[in-house]
Every structure is written in C-alpha cells, then in structure tokens.
Amino acid sequence: MTQNIKEYTPRDVFAGDAAARRSPRVIISPQRYIQGDGVLNQLGRYLSVVYSARPAILITERGLARVGERVIRSLEQDGIKPVSLVFGGECSDEEIERLVKQLQGCAVDAVIAVGGGKCLDAGKCLAHCRSVPVIICPTLASTDAPCSAVSVMYTPEGAFDRPWFFPDGPALVLVDTGVIVRAPVRYLIAGMGDAMSTFYEARTCFRNPDARTMVGARPTAAAVAIAELGSRILFENGVMALEAVSRLEVNEAVENVVEANTLLSGLGFESGGLAAAHGVAQVMPMIPFIHKNYLHGEMVAMGLLTHLCLEGETDEAARIARFFAQIGLPVHLGQLSLNVDRHNLELDNIVSEALKIFFVHNESFEVTAQKLKQALLQASELGGKITLEMGDEAYRHLHAS
Ligand SMILES: [Zn+2]
C-alpha cells in the first residue's frame with residue numbers, strides 16, 4: 001500500500017450481515033461514459049463537466065506517440081495547460097509512489113489517464129492519492145478496467161498483488177473508437193474474451209445466494225442483464241467488427257463491440273461478480289512465459305471454457321469455443337504455450353493459486369483442486385478438437401503484434 005493512503009475496503013461497507021447471510025444488491029458505475037469516433041479531439045470541452053482547469057496527464061510511451069499531440073492540442077484549444085507524466089509500465093505501489101512524488105508541489109485538479117489497462121489503473125490510484133477525479137481515456141478496448149472503481153495491483157515484476165478499491169468510480173470515461181480501431185487488432189480480440197466471460201460469471205453469482213461481488217455485495221439483476229447483452233452483442237457483431245477494423249473503419253458493429261468490451265463488461269463484472277473464469281485467468285501471469293506473451297483477455301478466454309466445464313455446461317463451452325476459434329482467442333492450453341504433460345507442475349500451481357481467490361468459490365458447489373484441474377484439462381481437450389475442426393487461420397494476430 002502506497003504510504004499515507006488509507007485503504008478503502010468496500011466489503012466492510014457492503015457485505016451486510018454476514019451471520020444472517022444477507023447482503024444488499026449494489027450497482028457501481030462511472031459517472032459518465034462517452035464513446036465515439038474522434039471524441040478525444042473534444043477532451044478539453046468534456047473536461048468542463050468535471051470542472052478541471054489544471055489536470056495531470058498520465059500517458060504511456062506508446063499512447064504519447066499515438067495520440068499525445070492530439071490530446072494536448074485539444075486541451076490547449078480550451079486554454080488548459082496539463083502537467084504530463086509518462087507511465088512506467090507496471091501498476092505497482094512503487095510506480096504509484098514515483099508518480100505521486102513527481103506531482104509533489106503541482107496544484108492539479110484532475111488526473112487524465114490515457115493508455116491501456118495498467119496505465120488507466122495507475123491513473124485511478126494517482127487520482128485517489130491526490131483526492132481528485134480521474135478521467136479515463138482508453139486507447140485499447142482490451143479489458144473491462146476503464147469503468148471500474150478498482151485497480152489491479154502488480155509487483156514490479158508483474159505478478160498479481162491485490163485489488164485496490166476506491167470509493168469513487170471514474171468521473172468520466174472517454175472512448176475514442178477511431179483510436180481503438182487503429183490499435184493492433186489483438187487487443188480488441190482479447191477484450192472480447194474478457195467481455196464474453198462477464199455474463200457467465202455474473203450468472204453464476206446471481207444464481208448462488210451465497211456468492212458475492214468484488215465489493216462484497218449481491219449482484220444486481222441489472223448487471224446480469226447488461227452482461228448478457230454484452231455476450232449477445234459479441235456473438236452478433238464480433239466477426240463483422242473485426243472485418244471493419246481490418247479496413248480501419250468505425251461502423252456500428254465496431255461501436256457495439258467496443259461498448260460491450262468496455263462499458264457492458266465493466267458494469268457487468270463490477271456489479272455482477274466474478275467466478276472461476278477470472279480466478280484461473282488472474283493467476284496465470286505468475287508463469288513468466290504467459291505473463292510475457294499473452295493478454296488478460298486471452299487468459300480469460302481459457303478461464304471461461306474452464307468455468308463452463310466446471311459447471312458441466314459443455315455444450316455452451318463448445319459454442320463459445322467455436323466463436324473464439326473464429327475470432328482468434330485461445331481455446332486450448334497449447335495456445336497459451338502450456339503443454340499438458342510438460343507443464344503439469346505449472347497447471348497444478350495455477351489450480352492451487354486460483355483456489356486462494358475468494359470469487360473462485362462463488363459457485364454453488366464446492367470447488368476443489370481436483371474439479372478445477374479436471375475442468376481445465378477438459379476445456380483444453382474440447383478446444384483442441386474445435387481447432388482441429390475449424391483450423392487456426394484466425395490466430396495470425398497472435399504473432400503479428
Ligand atoms: Zn477481466
């Protein structure tokens with residue numbers, strides 16, 4: 001925990017009367033969500049809704065090259081002179097402390113985070129440390145991080161550390177679809193893996209009265225419905241969206257998929273709850289070659305197939321695996337560089353570490369190491385058969401970016 005910052009634990013607030021197994025339904029959301037082609041050019045104008053005149057911008061090296069000039073110009077048009085900070089690459093306590101130090105003595109009234117998931121999460125931490133609102137500008141639609149009031153903290157080496165919760169969600173989430181379609185397509189595909197999982201995990205939590213969301217509350221029906229809409233949108237628009245992105249075109253299919261990946265998945269996971277799919281995905285980066293070579297949503301894709309096999313929903317797992325194989329998401333362990341025989345120890349570690357995460361136990365039955373490992377292997381076997389059937393044409397992007 002970054003020095004001098006009091007940790008906010010939403011479970012203490014929302015968990016309700018544990019003895020009576022009663023918790024309220026809670027929905028959490030950002031205050032505003034704006035999505036469209038070119039909206040980043042109006043950042044200065046949108047900033048007026050949070051009354052910011054002297055923001056700090058936290059931006060990645062890559063973001064600086066891609067959109068930095070546009071962002072600064074848009075702010076200057078409205079007479080706003082920002083303080084710029086370059087994100088170091090890992091959302092760790094050490095990095096947040098470094099950024100807080102850099103801002104010492106600067107009177108900033110907001111933090112604008114521009115980049116991918118980790119940079120956005122670091123922006124939330126920095127804004128919280130400075131007690132100012134955060135404006136989130138994703139340059140990728142690869143995770144559901146932008147809309148949530150939580151950051152995933154890592155060690156400086158990139159291993160999962162803990163979630164860091166905030167009392168306030170982002171004041172504004174600004175998603176420029178024109179920027180998203182110009183990013184490597186692999187990120188949008190990974191975002192679809194993360195978003196597809198949201199509904200199945202929320203459904204698990206909603207059905208089990210003992211399940212709790214990340215903030216210790218019961219899921220809302222609204223969050224489950226939002227997540228379900230997200231998965232439907234992906235099935236109906238996913239392939240069309242990728243075709244449009246290959247032409248750098250923003251059409252309705254792209255807008256729908258970006259909204260599903262960012263807003264619907266964000267609201268769905270935060271107020272619907274997580275389960276085995278994210279449990280498995282969250283611990284996978286402890287294996288260095290997975291951490292180095294794969295994206296969160298790609299791990300979630302494998303996690304979701306495992307989740308469904310764990311629940312005995314093999315027909316649904318096969319339907320999703322076919323869709324994933326069509327768009328290029330991993331459906332078997334080999335596509336995450338894991339060999340069932342050679343990496344048996346790694347697979348056992350994934351299982352035992354995942355079991356330590358509370359939301360893996362949001363299932364209505366007891367999740368044991370044996371059941372989880374069996375589900376992981378079953379999912380991989382199912383996915384292996386489906387790739388043989390469908391070919392691996394869709395996976396070119398895994399090696400292209
Ligand atoms: Zn996720």
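This is a predicted model: local features need pLDDT of at least 70, side-chain atom pairs count only at pLDDT 80 or more; totals for chains, interfaces and linings use all residues.
Ala110, Ile112 and Val114 point one way from strand β4, while Val111, Ala113 and Gly115 point the other way.

Residues are numbered from 1 along each chain as its sequence is written, and side-chain values use heavy atoms, with hydrogens and water left out.

**Strand β4 and its neighbours**

- Strand β4 spans residues 110-115, and six of its six residues are buried. Strands are DSSP runs of E with at least two residues, helices are runs of H or I with at least four, and both are numbered from the N terminus.
- β4 runs parallel to β2 (residues 55-59), and five bridges join them. Two strands pair if DSSP finds at least two bridges between them.
- Ala56 has Val111 of β4 as its bridge partner.
- β4 also runs parallel to β5 (residues 134-138), again with five bridges.
- Val114 stands opposite Cys137 in β5.
- From β4 the chain passes through α5 to β5, in a right-handed β-α-β crossover. Right-handed means that, with the strands pointing away from the viewer, the path from the first strand over the helix to the second runs clockwise.

**Largest pocket**

- Rolling a probe the size of a water molecule over the atoms shows where empty space is left.
- The largest pocket holds about 1,300 Å³ of space. On a 1 Å grid over the protein atoms alone, a pocket is an open set of points with protein on both sides within 12 Å along at least five of seven lines; a cavity is a set where a 1.4 Å probe fits but cannot get out; lining residues have an atom within 4 Å of a point. Grid points are joined across faces, edges and corners, and a volume is the space filled by probe spheres set on the points.
- Its lining counts 49 residues, with Gly117, Lys118, Thr143, Leu295 and His296 nearest the centre of the pocket.
- Helix α5 (117-129) is among the elements that each supply at least two lining residues, as are α3 (61-77), β6 (150-154) and α12 (296-310).
- The largest share, five residues, comes from α5.
- The lining of the largest pocket has 20 nonpolar, 19 polar and ten charged residues. Ala, Val, Leu, Ile, Met, Phe, Trp, Tyr, Cys and Pro count as nonpolar, Asp, Glu, Lys and Arg as charged, and the others, Gly among them, as polar.

**Second largest pocket**

- The second largest pocket has a volume of about 440 Å³.
- Of its 20 lining residues, Ile189, Ile327, Ala394, Arg396 and His397 are the closest to its centre.
- Helices α7, α8 (221-246), α13 (314-327) and α16 (397-400) each supply at least two residues of this lining.
- The largest share, five residues, comes from α8.
- This lining divides into eleven nonpolar, five polar and four charged residues.

**Cavity**

- One cavity of 30 Å³ or more is found.
- The largest cavity holds about 30 Å³ of space.
- Its lining is Ala141, Ile180, Val181, Ala183, Pro184, Val185, Leu188 and Val245.
- By class, this lining is eight nonpolar, no polar and no charged.

**Aromatic pairs**

- The structure holds five aromatic pairs. Rings of Phe, Tyr and Trp (its six-membered ring) pair if their centres lie within 6.5 Å; planes under 30 degrees apart count as stacked, over 60 as edge-to-face and the rest as tilted.
- Phe323 and Phe324 form a tilted pair, 6.3 Å centre to centre with 45 degrees between the planes.
- Phe323 counts as buried because its relative accessibility is 4%, and Phe324 because its value is 0%.
- Phe235, Phe323 and Phe324 form one aromatic cluster.

**Contacts across the sequence**

- His128 lies in helix α5 and is partly exposed, with a relative accessible area of 21%.
- His128 and Phe166 are 38 residues apart in sequence and 7.2 Å apart in space, C-alpha to C-alpha.
- Pro170 lies in the loop between β7 and β8 (172-176) and is buried, at 1% relative accessible area.
- The C-alpha atoms of Pro170 and Ile136 are separated by 6.8 Å, with the two residues 34 apart along the chain.

Methods: Buried means under 20% relative accessible area, exposed over 50%, partly exposed in between (1.4 Å probe, protein chains only).
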